[in-house]
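Look at how the parts of this assembly meet. The text below moves from one interface to the next.

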Amino acid sequence: MTKIDAKIPEGNLAEKWTKYRSSVPLVNPANKRNLEVVVVGSGLAGASAAASLAELGYKVKVFCFQDSPRRAHSIAAQGGINAAKNYQNDGDSTYRLFYDTIKGGDYRAREANVHRLAEVSGNIIDQCVAQGVPFAREYGGLLSNRSFGGTQVQRTFYAAGQTGQQLLLGAYSGLQRQVGMGTVEMYTRHEMLDVVIIDGKARGIIARDLVTGKLERHFGHAVLLCTGGYGNVFYLSTNAMGSNVTAAWKAHKKGAFFANPCYTQIHPTCIPVSGDHQSKLTLMSESLRNDGRIWVPKKQNDPRKANDIPEDERDYYLERRYPAFGNLVPRDIASRAAKERCDAGYGVGTSKMAVYLDYAAAIVRYGKAEANKRNIHNPSDEEINVMGKEVVAEKYGNLFDMYKQITGEDPYEVPMRIYPAVHYTMGGLWVDYNLMTTVPGLYALGEANFSDHGANRLGASALMQGLADGYFVIPYTIGNYLASEIRTPAISTDSEAFVAAEKAVSDQLNQLMNIKGSKPVDYFHKKLGKIMWDKCGMARNEAGLKEAIQEIQALRKEFWQDVRIPGELDNLNPELEKAARVADFLELGELMCKDALNRNESCGGHFREEFQTEEGEALRDDENYAYVAAWEFKGESEFELHKEELKYENIKIAQRSYK
Amino acid sequence: MEGNLNLTLKIWRQKNANEAGKFETYQVSGISEDMSFLEMIDVLNNRLIEEGDDPVAFDHDCREGICGMCSMYINGSPHGPNKGVTTCQLHMRSFSNGETITIEPWRAGAFPVIKDLVVNRSSFDRIIAAGGFVSVNTGNAQDANNIPIPKEDADEAFAAAACIGCGACVAACKNASAMLFTSAKVSQLALLPQGQVERAKRAQAMVAQMDEEGFGACTNTGACEAECPKGISIENIARMNREYFSAVFAAK
């Protein structure tokens, strides 16, 4: 039944990538100059791919909707990037990073891709340091590491709480260098609104210049979608306001299969919602779980303030339930545990939908250590407190300041209130080992594809994957396709397929403008978000998902009858941009629910209430669901399921345990 | 109605780069002090849409103070009254009931207005493209720990690299100078061993591009440092001047 072939190279797992690189067809430098590549998105995956391909000699065009490629949402990643360097001598290795990632993904990721990711992880750190990325260092001048969830080694490299920013600015500097040399043409404030397919191959895109509103046609021998995830389908998420699924969804409607759309990562430590006005949620880095302790009162509906609740009346529920990993369990597990406590009536804060993340113990511990370092004997509690806060400020100062700014509370004095929020989407466009979608010549990199994180991504692995795809995978795998394209001359953008694609985009934009209904785009987006959060969020069940599908279909209908978009087509029009994105979210949401309904098991971020162990842990069904669900678009509300069977030849598949 | 702040907003409205702009006055009520400044503008915009008016265009994306896209000049200060905060992280508890708030775009010749509060900052990208990088192609790198860097140097480079490229420094400067922005990148790379090879060339190329874009000169008023949401130090400007002059004098 399956039309999909992952094209995994033959041979032993550890040798696949080396052999592939040595045998993949090459394109000679003279031919590279005639081959054009369109890159959509300028985050870690897009910027690194574009710079690397331009360095190789390809002609590259890059598109981003922001005013500068440096704004892409990779910039907001806080905690760090994993790499199997074993600098800490704590037993790390390529295999262990591979193993942790497969296990963390609840045995729903493809072995060959994940092993390749682990293999190139060290090269990423080397590359970034060479670019001048200022990672944190020890006094000896060497790189510092910290711990993240789901691992027992320290393999996370970081730059305070701004790792994503520093890595993106590194990739951006490489990109701008190519722009300066004229090998990359950069199109900012441009949004891709369709992919152009000629004779079954991706041959370019239709993009809208967001300032003039003009539609443009751009040819490419290949098209790379590096457009991030679709967490904003939930309206409230830690994604940037502009993050969207439109590029990926348009590709899906033109034939690219969409894989595992229901796998959503709900991050356990975010600042709770404060009211209906809320437009986005802010993450508090997972690195805070290195030192912070998570707790709720032992008593239900305890009205006391956090600092008035004595130690023996606090329930450190992660340490209690998961002694081996404690506060550093993977994200899906930490999130569900927080929801479980709040649903059972132990939540804190005015909404009672929050738990405490407490630094009091860490402040004392660091204060005592600092007193020793400074040779202060018998320090007073006050001295310990002051010194402890200084150490915490150096490690996490920017995060603490951000918390204070948003909530008006001082986390050095009272525990932070946190609650899970939508953060990342493991699902995305289905890709083979080459990162090519089911449309020849159309690739998906970074969060936009589905490939490496299974049903749950480990912390500090998104940055690793985005840069692995862009720096070290696509420069090789694209040759596999372009080697057979050297005889294809650039196709005129006046050709029939380009004209037709532009007309379809133009018609849809006109249709949106002409609805002239009564409600702003946000009204529909918020409603969609609520349906998704309530029925396809941290916990799902059959009845709820079926309701959600009906509700989304009805909401979609209402949107196309009653949305009101002010302004004009031929001018900067942020409401029109939002409307086009929400129109796609309204279709994607339905597919997410259908995928969640199809998967009669719980795994990673997908928790079906019907399928859980007696202790409330996710209960997988490996016999029937050890596959990637790749959906083919067949028409409105019609999707056909294709299965890519997952074979584990190098890992013993087991019930995941962090106890 | 979520809160009890009632405010008068005087907002710069400008249809596009070619037409003249002017201030319009709007009343908003029931604003919660937990709202961010941009969420308050969201409330206004959704009302304007429902009333059939054109909403206020403004740049924003991450809304967590790191992407550098938001850019409002609020009551005479870039990013508003609070220190170390971008507009998206400014919260309404910093304002009081009945207050009048004036909101303008960044004003600088090198940042032309696109619409309302949205300006074109692509000149910053061109300054980076002129030399704000280490010329290292993918795949050329040695092992990361082969380059030990004193922690103090790494920390100082990081402090300069924390610039978010928002342009508040330019908006704050009476000369619309981009010295703080440019010097932050020059400093980051001058402080690190990786940046040494191209050090002299970089300082000259970036300064030349900055001048070509039409940014003004620096007269050391310090407004840029005072208004920078990321606390980028004016010492970077002094360092860039040293870098530039030693490069020029050392040149043949």
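Domain 1 of chain B and domain 2 of chain B bury about 1,300 Å² between them, where buried area is the accessible area (1.4 Å probe) that two parts lose on being put together, summed over both. Carbon and sulfur atoms hold 59% of that area. Pro78(B), Ala110(B) and Phe111(B) supply 35% of what domain 1 of chain B buries against domain 2 of chain B, more than any other three residues. The side of domain 1 of chain B that touches domain 2 of chain B has 10 nonpolar, seven polar and one charged residue. In this grouping, Ala, Val, Leu, Ile, Met, Phe, Trp, Tyr, Cys and Pro count as nonpolar, Asp, Glu, Lys and Arg as charged, and the others, Gly among them, as polar.

This is a predicted model, in which local features need pLDDT of at least 70, side-chain atom pairs count only at pLDDT 80 or more, and totals for chains, interfaces and linings use all residues. Residues are numbered from 1 along each chain as its sequence is written, chains are lettered from A and ligands numbered from 1 in the order in which they are written, and side-chain values use heavy atoms, with hydrogens and water left out.

Stay with chain B. Its domain 1 covers 5-115 and its domain 2 covers 122-250; such bounds come from an automatic or database domain assignment. The centres of these two domains of chain B, taken over C-alpha atoms, are 29 Å apart. Contact here means heavy atoms within 4.5 Å. By that rule, 18 residues of domain 1 of chain B are in contact with 20 residues of domain 2 of chain B. How many salt bridges are counted between domain 1 and domain 2 of chain B? The count is zero. A salt bridge is a side-chain nitrogen of Lys or Arg within 4 Å of a carboxyl oxygen of Asp or Glu. Three residue pairs, both at pLDDT 80 or more, are in polar contact across the interface of these domains of chain B. A polar contact is a pair of N or O atoms within 3.5 Å; within protein, one must be able to donate a hydrogen and the other to accept it, and residues adjacent in sequence count only if both atoms are side-chain atoms.

Now turn to chain A. Chain A has 17 helices and 19 strands. Helices (H or I, at least four residues) and strands (E, at least two) are DSSP runs, numbered from the N terminus. The C-alpha trace of chain A spans about 80 × 55 × 50 Å along its principal axes. With 659 residues, a compact globule would have a radius of gyration near 26 Å, and the 24 Å of chain A agrees. That radius is taken over C-alpha atoms, and the globule rule is 2.2 Å times the number of residues to the power 0.38.

Chain A is divided into domain 1 (267-421) and domain 2 (494-645). Their centres, over C-alpha atoms, are separated by 34 Å. In chain A, 10 residues of domain 1 are in contact with 10 residues of domain 2. The area buried between these domains of chain A is about 760 Å², with 56% from carbon and sulfur atoms. One salt bridge crosses the interface of domain 1 and domain 2 of chain A. The side chains of Glu617(A) and Arg321(A) meet in a salt bridge at 3.3 Å, N to O. On the side of domain 1 of chain A that touches domain 2 of chain A, helix H9 (331-343) and strand E15 (416-425) of chain A give two or more residues. H9(A) has the largest share, four residues. By class, this side of domain 1 of chain A has four nonpolar, one polar and five charged residues.

The two chains also meet. Chain A gives 78 residues to the contact and chain B gives 74. About 6,100 Å² is buried between chain A and chain B, 52% of it from carbon and sulfur atoms. Six salt bridges are counted between chain A and chain B. Arg121(B) and Asp67(A) meet through their side chains in a salt bridge at 3.1 Å, N to O. Between chain A and chain B, 43 residue pairs, both at pLDDT 80 or more, are in polar contact. Several helices of chain A each supply at least two residues of the side that touches chain B, among them H3 (44-56) and H6 (163-181). H6(A) gives the most, with eight residues.
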